[in-house]
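Please examine the sequence and the 3D structure shown below. The report that comes after them is written for a reader who is new to protein structure.

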Amino acid sequence: MLVAQLLSRLGFVTHYPGLPNHPDKDVHERIADGYGAVLSFETGDKGLSERIVGATRLWGISVSFGCVNSLISMPCVMSHASIDPATRAARGLPEDLIRLCVGIEDPADLIDDLQHALLEAGAVMFAANDYVRIPTSINRAVEKLAISEPIRGGARPRENREWFVSAPGKVILFGEHAVVHGVTAIAASVDLRCYGLTSPRHDKKLSIHLSDIGNHTHEWDLDDLPWDVVTPIHPGEAHSDQLDQKLMDAISTRALPPASELPSKAHGALVAFLYLYMSLAHGGERPSFHIIIRSTLPVGAGLGSSASYSACVATALLLLHQRVNVPPLPAPTRQAAKDDPGHVHISHQGRRALPPDVADEVNRWAFVAEKVLHGNPSGVDNSVAVFGGALAYTRPGFGKKSGMEPIQGFKSLRFLLVDSKVPRDTKKLVAGVAMKKAEDPEVVGKILDAIQSIGDEARRALADPELSRTSLLSAISALIDENHAHLVSLGVSHPSLETIRATTASQPFGLSTKLTGAGGGGCAVTLVPDEFAESSLQALISALESHKFGTYSTSVGGSGLGILSPYNQDVQNAPVTPPETPDQESGARGGSLCGAFESVSVSSLPKWAEDLGRWLYV
Ligand SMILES: Nc1ncnc2c1ncn2[C@@H]1O[C@H](COP(=O)(O)OP(=O)(O)OP(=O)(O)O)[C@@H](O)[C@H]1O
Ligand SMILES: C[C@@](O)(CCO)CC(=O)[O-]
């Protein structure tokens, strides 16, 4: 009732038998007690309705209702999409109709979330201390304006500004490799990140600087790229499950020198970048820009460096190809007054600032880049790089429930990451396990089942409020050892990883360790119990470093994808918008942040980036 009253008061045509103006209120009251949990409303504009549905956080988007949590849908594009529009119209089903099912959450949270969504979508504004509806005609005019100037509140159109993006790496606690074959993996973001900075060029060239891959720089004339083989993928369309082999071949043979001349790490990164750039280009637009990539993650070490690179490239390209928008700057929830800037809407800050539709689109394209780099990725790494936090991930296509579920309780665990510094190739290791499975399906099938049980057990333990902290930590330790043993059987360990395990398990440390990520070298993850003294941790780090291993004490479960806010009022230090025509001579490297971004030390990079202004995170 409260939701219906809110919508009706705001002036939306609201259908709910509890409202006094409902035409069949009397009939309903004769045959039923109460008014039920389902209602619907019209906004007057299908696009606006889509934005509202996409902007809700607590209301889950769902085709069919019947759940304890609150759900939202647009029947005409979801449950009733298969009925042709004429029949829908004849039956009086408005195209802009939004249907809601109210669940058991706190009504105040539900109303707050709905108000935020209406505000974010541009359906209401905040004036005189209250939300008021923006007439649909104004909304349409604003939408038209947004097409020519998509970043409302920013200083310049998007192709003329610098975009600064970042995404975290990941640690897989349970289920690597097995996840490729349908097992659920448990993974979380780490606070080491990849950063990408784009600055505009005005010379019809495209260039990329890979700071971590031998400082490799590559430049292309946009007109020389093999456009003749590109099958355009229009905005809103999904990339097919398979890579376009013609485009892959054309990039390798015509846009890049033969692979032998290019280090393979750079080759993979460049192919992935160009593949996305060319696939995303549409409407004859070919933005000319320079992009610099820098990461605080070790590359090729099992911490998801490729996925965080893929997420940064996908985000930058989706922004520059005008396929995603940063949400408009919300109105202050309290009016600004003298000496009071007003209260900025909370959803513009922190983890919730980038809406799910932006995150989903970036994730889809980051997965495409991962396919270019890895062949057959499960999607867990890019999902963590985009969504952050800790999650249980099951790849689709194995006849069971797939997707992501957030995991609570992971953030409180302490880990030490140890880099064996032994290089390896994820693509080959994943292919090796697939070959083993093809040769011995029964044995590998049993290992996969055992790894699934380990992940299930870990999730149960993490979710069990009755379990003492000591029991939880000893359960996770035992499961870490067990999972590692299975990875050894799959043939993806390495002598260096066994040395790390032996060192961390030795007295006085007695800690459990497993390889993480693809293995074959790369990183191991060690669970550090709460009571483990700082002096012991330092002694362990010294012991590991004496073997020439690298160590990272990292926190897990932090933010996913981030975009530095393009709004002037959110920028604290430097102007993020570059000169109109940066460095006309070369067309490149003229942006205001480029020099500083390239020269700041790796250890200072996170703080430097954070201090530039407000980051909008998923
Ligand atoms: N900072 C970066 N700049 C450019 N390319 C990168 C960067 N980080 C990763 N890559 C690309 O990703 C490849 C590394 O992928 P790989 O999967 O082997 O390592 P990883 O992602 O660190 O490990 P895992 O997949 O086990 O988590 C590199 O060879 C390079 O092509
Ligand atoms: C080895 C693997 O399971 C994790 C790599 O980080 C591969 C994948 O899931 O794509």
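The following sections describe the overall fold, the surroundings of two ligands and two individual residues.

## Basis of the description

This is a predicted model, in which local features need pLDDT of at least 70 and side-chain atom pairs count only at pLDDT 80 or more, while totals for chains, interfaces and linings use all residues. Residues are numbered from 1 along each chain as its sequence is written, chains are lettered from A and ligands numbered from 1 in the order in which they are written, and side-chain values use heavy atoms, with hydrogens and water left out.

## Overall organisation

The protein contains 18 helices and 20 strands; helices (H or I, at least four residues) and strands (E, at least two) are DSSP runs, numbered from the N terminus. Of its 618 residues, 53% count as buried, where buried means under 20% relative accessible area, exposed over 50%, and partly exposed in between (1.4 Å probe, protein chains only). The accessible surface comes to about 26200 Å², and 54% of it belongs to carbon and sulfur atoms; such areas come from the Shrake-Rupley method with a 1.4 Å probe, and for residues only the protein chains shown count as cover.

Among contacts between residues at least 6 apart in sequence, 74% join residues at least 24 apart; a contact means heavy atoms within 4.5 Å. The domain assignment gives domain 1 (2–148), domain 2 (161–172 + 194–329 + 343–367 + 558–617) and domain 3 (412–554), with bounds that come from an automatic or database domain assignment. Taken over C-alpha atoms, the centres of domain 1 and domain 3 are separated by 48 Å.

Which residues come nearest to ligand 1? Of the 24 residues around ligand 1, they are K170, S305, H374, R424 and T426; a residue is near a molecule if one of its heavy atoms lies within 4 Å of it. An N or O atom in the side chain of T426 is 2.6 Å from an oxygen atom of ligand 1, and a polar backbone atom of G300 is 3.1 Å from an oxygen atom of ligand 1. Taken alone, ligand 1 exposes 630 Å², of which the protein buries 95%.

Helix 9 gives the largest share of this shell, 3 residues. Domain 2 and domain 3 each supply at least three residues of the shell around ligand 1.

## The surroundings of ligand 2

Ligand 2 has 13 residues around it, of which K170, H177, P377, S378 and D381 come nearest. A polar side-chain atom of K170 lies 2.6 Å from an oxygen atom of ligand 2, and an N or O atom in the side chain of S378 is 2.6 Å from an oxygen atom of ligand 2. On its own, ligand 2 exposes 300 Å², and the protein buries 98% of that.

Strand 8 (163–174) and helix 11 (380–387) each contribute at least two residues to the shell around ligand 2.

## Two individual residues

H484 is found in helix 14 (residues 469–489). H484 is buried, because its relative accessible area is 2%. Not counting residues up to four places away in sequence, H484 touches S493, E498, R501, T513, K514 and L515.

G44 lies in the loop between strand 2 (38–42) and helix 3 (46–55). With a relative accessible area of 41%, G44 is partly exposed. The C-alpha atoms of G44 and F12 are separated by 8.3 Å, although these residues are 32 residues apart along the chain.

How values were computed. A polar contact is a pair of N or O atoms within 3.5 Å; within protein, one must be able to donate a hydrogen and the other to accept it, and residues adjacent in sequence count only if both atoms are side-chain atoms.
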